[in-house]
Amino acid sequence: MKLTFSLPFLKKPAPQTTSPVQQQAEQFAQGLTTVRDMIAPSAIEVDFDFIKIGSQYIRTFFVAGYPRFVTANWLSPLISFDHSLDVAMYIYPQESREILDNLRRKVGEMEATIQSDIKRGRVIDPSVQVALEDALELQQQLAKGAERFFQFGLYVSIPAPTLEELNQVSKQVESTLASLLIITKKATLQMEDGFKTTLPMSKDKLLITRNMDTTSLGTTFPFTTSELTANQGILYGINEHNDSLVIFDRFSLENANSVIFGKSGGGKSYLVKLEILRSLMFDTEVIVIDPENEYEELCRAVNGEYITFSFNAPAKINPFDLSQLSDSGENELGLKVLSLHGLFRVVMGKLTPEEDAVLDRAIILTYRQKGITQEPQSQLKEPPLVEDLYKVLVGMEETVAKGLSDRIERFIKGSMVGIIDQHSNVNIKNPFTVFSIRDLADELRPIAMYVLLDFVWTKIRRDLKKRLLIVDEAWYLMKYPDSANFLNSIAKRARKYFLGLTTITQDVEDFLAVDLGHSIVQNSSIQILLKQSAAAIDKIADLFYLSEGEKHLLLSADVGEGLFFAGPAHVAVRIIASPDEHLLITTKPSEILARKKAKTPAAEREETQPQLPAQSTLTPISLPQPQVETHDETPTPFQPVTQPRNQPIFTTVPVQETAPSEPTSASQPFKSTIEFRPVPPTTNLSK
Ligand SMILES: Nc1ncnc2c1ncn2[C@@H]1O[C@H](COP(=O)(O)OP(=O)(O)OP(=O)(O)O)[C@@H](O)[C@H]1O
Ligand SMILES: [Mg+2]
């Protein structure tokens with residue numbers, strides 16, 4: 001039997017006995033098309049066990065039986081069900097006095113049953129005994145005011161485009177709930193009421209409820225939030241969903257790489273500097289490639305080594321250096337030739353296949369002239385210089401070799417002397433080393449970053465240590481396929497050398513324009529998205545499968561706010577620093593000026609500027625130096641800053657189909673869980 005049904009709001013108002021003018025007005029209004037007319041479905045069909053609205057089939061289930069014991073967040077399988085569902089929960093608070101009266105009567109009845117069983121010499125019915133205990137306990141809790149009493153109704157509507165899908169999903173929902181020991185029933189012959197009950201109108205038309213006390217209701221609360229709190233690691237910020245702390249150790253993930261995307265001034269470097277400060281306390285070495293001198297202040301404060309890389313600076317790096325590792329199992333010279341090849345392609349610009357071949361041969365020849373071959377022992381010899389390559393190219397017969405030598409001539413004799421043409425005199429000994437390349441021209445930065453990355457990569461493979469390598473403004477490297485390729489190869493291989501690569505970029509467009517950018521993102525277990533520009537948001541949303549709400553969050557985020565992805569879990573995070581940390585890491589010109597003034601002699605300061613609060617005086621923090629036990633000098637743990645709480649940014653939405661997520665690892669330590677801290681592990685529902 002099929003019933004035709006029309007929603008009341010579709011009905012046009014019936015004419016009433018009113019004045020002729022009013023009647024005319026109403027007649028006129030009837031002829032108008034309203035928004036309701038436009039959004040309403042053309043037909044609604046109500047069947048025994050489904051309702052069809054337009055072309056959509058919907059079936060409603062109500063919950064008829066609940067398990068006796070549940071754990072916190074026991075409804076999460078329903079909430080994270082892999083199909084759109086409308087879940088409605090109705091909670092009716094009850095008068096405790098009435099319940100107490102009822103309970104007293106019930107307790108009396110049950111006690112009488114037990115007594116009569118005893119008198120007749122029968123075995124006491126255990127179910128009556130249990131029910132009595134539950135009732136007595138509830139009575140006590142209600143009398144004390146520790147619990148309140150509620151009626152609870154739970155309904156689920158399943159939408160589906162076809163009847164087959166509806167039947168199939170219905171079975172899945174039923175079995176999912178059955179696995180939770182929840183008994184569901186179709187709201188047969190009440191589909192219309194069922195549908196209306198699960199609309200966000202707060203009208204329970206089915207009224208199928210169950211008694212629950214506060215604790216049971218608490219465990220039923222369905223809002224699942226993600227958590228990123230591990231037992232060890234460093235603090236990254238505050239979880240915006242539930243104000244818990246985002247703490248974890250990136251080295252516990254399948255790889256320790258991270259990418260950070262955000263608009264200029266969004267707080268990327270700030271976040272990384274915080275991570276550095278906190279990681280240093282846990283014996284992690286940090287190496288930074290800093291194109292903007294953003295890390296200098298921090299480096300000085302922790303007694304790190306700040307190496308400026310420019311024409312006239314004393315620090316020199318030779319790109320021909322070999323790692324001198326004889327037991328790495330990798331073809332050292334082969335890999336070096338590859339990376340040098342990439343570097344010279346960045347230096348020389350586009351090469352034809354013939355030029356490429358000549359360059360390759362020339363690099364190998366340059367090493368051979370110094371007696372360096374595949375043989376590991378030979379690689380301990382002094383490496384060649386760019387000049388040697390130049391000479392080899394000049395000496396080659398091929399005509400293209402001349403062109404190639406011309407293109408590197410400026411690094412040996414011309415305007416760029418002093419960058420990559422001398423033997424290395426830099427060693428990474430300090431737990432915190434920063435390479436600054438700010439003094440180089442824009443066009444030289446990718447080259448310098450390449451050389452530095454290669455140098456760091458060569459050095460760090462010599463001894464295994466927990467390390468972070470930070471590449472700020474990584475989009476410089478993404479401008480050239482070869483340097484992008486090099487960064488990608490580091491991201492891929494870093495895990496084996498206990499290295500976490502952090503790639504920071506503000507230019508999402510550039511970074512993601514090349515496939516290698518995607519590859520770096522995919523090879524990074526941690527992805528942090530801070531404030532985004534409207535132009536970049538769609539690309540980001542596609543790559544990270546962001547929902548509309550998350551897109552909106554990133555567009556309207558405050559400085560230091562964003563999304564934090566760690567493996568499969570992601571949370572909205574607010575980065576916070578202690579006042580002392582903030583002073584070390586801020587790059588706000590106004591704050592830097594204030595700090596500089598604060599450092600001037602007291603007398604001068606009094607004249608020129610209002611005194612800074614006592615807590616803002618900068619105390620240098622010493623790092624534990626290698627082989628020296630300096631526990632006393634380790635910086636004191638930071639204090640959380642009390643910042644004004646931002647407006648909540650997430651609202652609850654009906655359960656949606658879950659977006660496809662990235663493949664997860666079995667060893668993943670994080671999972672999305674609901675937090676119900678005060679709730680005991682199991683709760684008795686049968687009160
Ligand atoms: N979580 C935060 N709490 C308080 N202030 C912050 C926070 N994040 C950033 N800031 C402020 O914003 C300034 C700019 O941040 P940051 O230097 O990290 O920008 P950025 O994203 O690295 O920009 P760019 O790409 O231009 O380098 C910081 O110097 C600091 O003063
Ligand atoms: Mg920055």
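Author: Two packed helices are described by the angle between their axes and the distance between the axes. Here α11 and helix α15 (residues 445–460) pack at an angle of about 170°, their axes being 9 Å apart. Axes are lines fitted to C-alpha atoms, for helices over the stretch in contact, and angles run from 0 to 180 degrees between N-to-C directions; helices (H or I, at least four residues) and strands (E, at least two) are DSSP runs, numbered from the N terminus. The model is predicted: local features need pLDDT of at least 70, side-chain atom pairs count only at pLDDT 80 or more, and totals for chains, interfaces and linings use all residues. Residues are numbered from 1 along each chain as its sequence is written, and chains are lettered from A and ligands numbered from 1 in the order in which they are written.

Reader: Are α11 and α15 roughly parallel or roughly antiparallel to each other?

Author: They are roughly antiparallel (angles under 35 degrees count as roughly parallel, over 145 as roughly antiparallel, 65 to 115 as roughly perpendicular and the rest as oblique).

Reader: Which residues of α11 and α15 meet?

Author: Ser-339, Leu-343, Val-346 and Val-347 of α11 meet Pro-446, Ile-447, Tyr-450, Val-451 and Asp-454 of α15, contact requiring C-beta atoms, placed from the backbone, within 7 Å.

Reader: At what angle do α11 and α17 pack?

Author: Helix α11 (residues 332–348) and helix α17 (residues 481–493) pack at about 145°, with axes 8 Å apart. The contact involves Ser-339, Gly-342, Arg-345 and Val-346 of α11 with Asp-482, Ser-483, Asn-485 and Phe-486 of α17.

Reader: Where is Glu-240 found?

Author: Glu-240 lies in the loop between β10 (234–239) and β11 (245–248). Glu-240 counts as buried because it has 24 C-beta neighbours inside 10 Å (buried means 20 or more other C-beta atoms within 10 Å, exposed 12 or fewer, partly exposed in between, with C-beta atoms placed from the backbone).

Technical notes: Contact = placed C-beta atoms within 7 Å.
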